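Trainee: I would like to learn how the words used for a structure follow from their cut-offs. Could we go through some of them together?
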Amino acid sequence: MSPLESRRSRRLHRKRLARIRFLAGLAAAVMIFLASPLVASAVVPFPAPRIDRSSTFYDAKGSFIGRLSEVNQQEVALTQVPATVKDALIATEDASFYHNDGVNLTSIARAAYTDIRTGSLAQGGSTLTQQLVKNVYLSSEKSFWRKLVEAVLALKLTATYSKNQLLAMYLNTVYFGQGAYGIQAASWTYFGMPASNLNLSQSALLVGLINAPSYFDPYGNLRAAVARRRQVLQRMVDVGMITQARADQAARAPVVLAGGVAPPTQVAPYFIAYCLNRIAARSPALAKDISLGGYRIYTTLNVGIQRAADAAVRSDLPQISTNAQGVPQPEGALVSLDPKTGGIMAMVGGANFQATSFNRALAPRQPGSSFKAFLYTAVLSSGYTAASTQVDKPVSYPSGHAKAWSPHNYGNHYLWRPVTVQQAVQISDNVVAVKWAAKIGLDKLIAYARKMGITSPLAKNLTLTLGSSGITPLEMATGYATLANGGLRVHPYAIRKIVGPYGNVVYRANPSPPVR
């Protein structure tokens with residue numbers, strides 16, 4: 001035998017061995033396919049998910065307020081995905097999706113026959129569930145063993161989740177090109193709108209991208225994208241999902257691309273940072289995983305109130321100067337609480353989060369005369385009434401130093417007569433307030449401030465009456481919410497629940513009941 005014939009013989013032998021190995025692997029796969037999905041579940045455990053998915057924050061009504069990480073991906077509930085997207089996907093990628101067990105033996109046999117005949121691994125025969133397994137758990141390696149593992153994991157997924165859950169997972173993780181993972185990010189990337197607004201023509205174009213996102217990219221190859229859209233629409237006709245007339249109409253629709261329209265930006269960056277700090281305090285492990293874990297964090301925020309709070313802070317802060325870090329001064333903060341529940345409805349930590357992420361809503365500042373609300377609550381709870389009086393005239397108290405301390409009214413203006421509690425509150429009289437603090441005692445004043453929600457250190461001297469001790473805006477909002485709630489103190493909280501990447505609730509708030 002010549003050297004050339006010898007080499008040809010060896011090549012043929014290697015091809016025969018490859019086909020034998022494939023048939024052996026296929027036989028083993030068929031045996032597993034025919035077994036119960038529970039058996040498949042025991043054979044191969046789920047690997048750790050591969051895909052990074054951004055976690056998303058929502059307000060109390062379910063509106064988007066922000067997301068984490070640089071991954072262009074947003075979770076969206078299946079109920080917010082139009083039927084046109086779901087139908088186009090199923091018709092194109094897996095028409096038997098709702099009827100198979102995660103694998104399609106007919107498609108696998110057809111693909112196996114083609115692979116054996118061509119001596120390659122070109123044919124996939126994958127169901128949507130197998131594609132989900134490949135997208136989330138496995139690499140793009142092509143081997144008989146990897147295909148077998150893919151099929152087994154597809155069986156396991158089918159045994160673990162409902163079909164709608166699997167469809168939601170797929171639509172939230174599949175790659176659509178242009179860095180967009182999931183239908184929501186794709187809808188914003190290509191059409192500048194949420195997925196819920198997609199029509200049939202747009203749905204078909206996006207689903208068409210899944211097969212080859214780079215080639216069918218309408219930004220770079222519009223002709224190919226339009227041709228692929230027609231294929232998807234025709235497939236929907238073939239399986240009976242739409243009429244030919246409707247498909248033709250959608251195929252003629254012009255493609256109007258977003259041209260750089262971005263998804264909504266963060267509404268409340270200071271609040272989101274606060275939520276992350278609360279998560280870290282409760283569960284460091286969850287905090288570590290949350291940025292790329294695909295979690296959905298449902299909060300107490302109210303987007304409308306938050307926008308009004310942002311506008312109020314910006315409009316009421318004149319930019320007089322800048323500090324050493326270049327941050328415009330003065331700065332400000334705002335917190336809004338639901339007095340009945342303690343839910344934080346708005347939080348502004350500064351005029352510009354990009355300029356400074358320091359959250360002033362959590363920073364102690366001297367509250368000044370706003371502290372008098374705690375004083376007069378203590379006074380009225382000590383047996384006095386709104387008609388009880390103190391004389392408004394200069395007074396001095398020992399200060400523990402060489403000279404006494406004398407409180408002053410604004411502009412050194414005194415009435416020189418008895419002033420009722422009601423009048424003192426109306427004109428924010430300092431001298432009368434200090435006299436009442438001396439009358440009821442600092443211990444009682446501090447005790448009532450604590451009962452109403454003040455947790456910061458409070459100096460035990462009469463200057464406390466005029467707000468000399470630092471208190472955070474969040475504490476002050478809590479204290480005033482106690483008054484608005486009829487004397488019942490609520491505990492502020494920000495997170496209602498956290499939902500994991502596959503719909504499991506990993507945290508649910510259990511707000512403390514109001515206390516008197």
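Trainee: Why is Tyr414 called buried?

Mentor: In this predicted model, Tyr414 has a relative accessible area of 13%, and buried means under 20%, exposed over 50% and partly exposed in between, with a 1.4 Å probe and protein chains only, so Tyr414 counts as buried. Local features here need pLDDT of at least 70, side-chain atom pairs count only at pLDDT 80 or more, and totals for chains, interfaces and linings use all residues. Residues are numbered from 1 along each chain as its sequence is written, and side-chain values use heavy atoms, with hydrogens and water left out.

Trainee: What makes Trp416 exposed?

Mentor: Trp416 has 58% relative accessibility, and therefore counts as exposed.

Trainee: How do you know that the rings of Phe374 and Tyr480 are edge-to-face?

Mentor: Rings of Phe, Tyr and Trp (its six-membered ring) pair if their centres lie within 6.5 Å, and planes under 30 degrees apart count as stacked, over 60 as edge-to-face and the rest as tilted. The centres of Phe374 and Tyr480 are 6.2 Å apart and their planes stand at 75 degrees, so this pair is edge-to-face. Phe374 lies in helix H15 (residues 372-380) and Tyr480 in helix H19 (residues 473-484), so the pair ties together parts 106 residues apart in sequence; helices are DSSP runs of H or I, at least four residues, numbered from the N terminus.

Trainee: Why do Phe374 and Tyr480 get their accessibility labels?

Mentor: Phe374 has a relative accessible area of 0% and is therefore buried, whereas Tyr480, at 35% relative accessibility, counts as partly exposed.

Methods
Helices (H or I, at least four residues) and strands (E, at least two) are DSSP runs, numbered from the N terminus.
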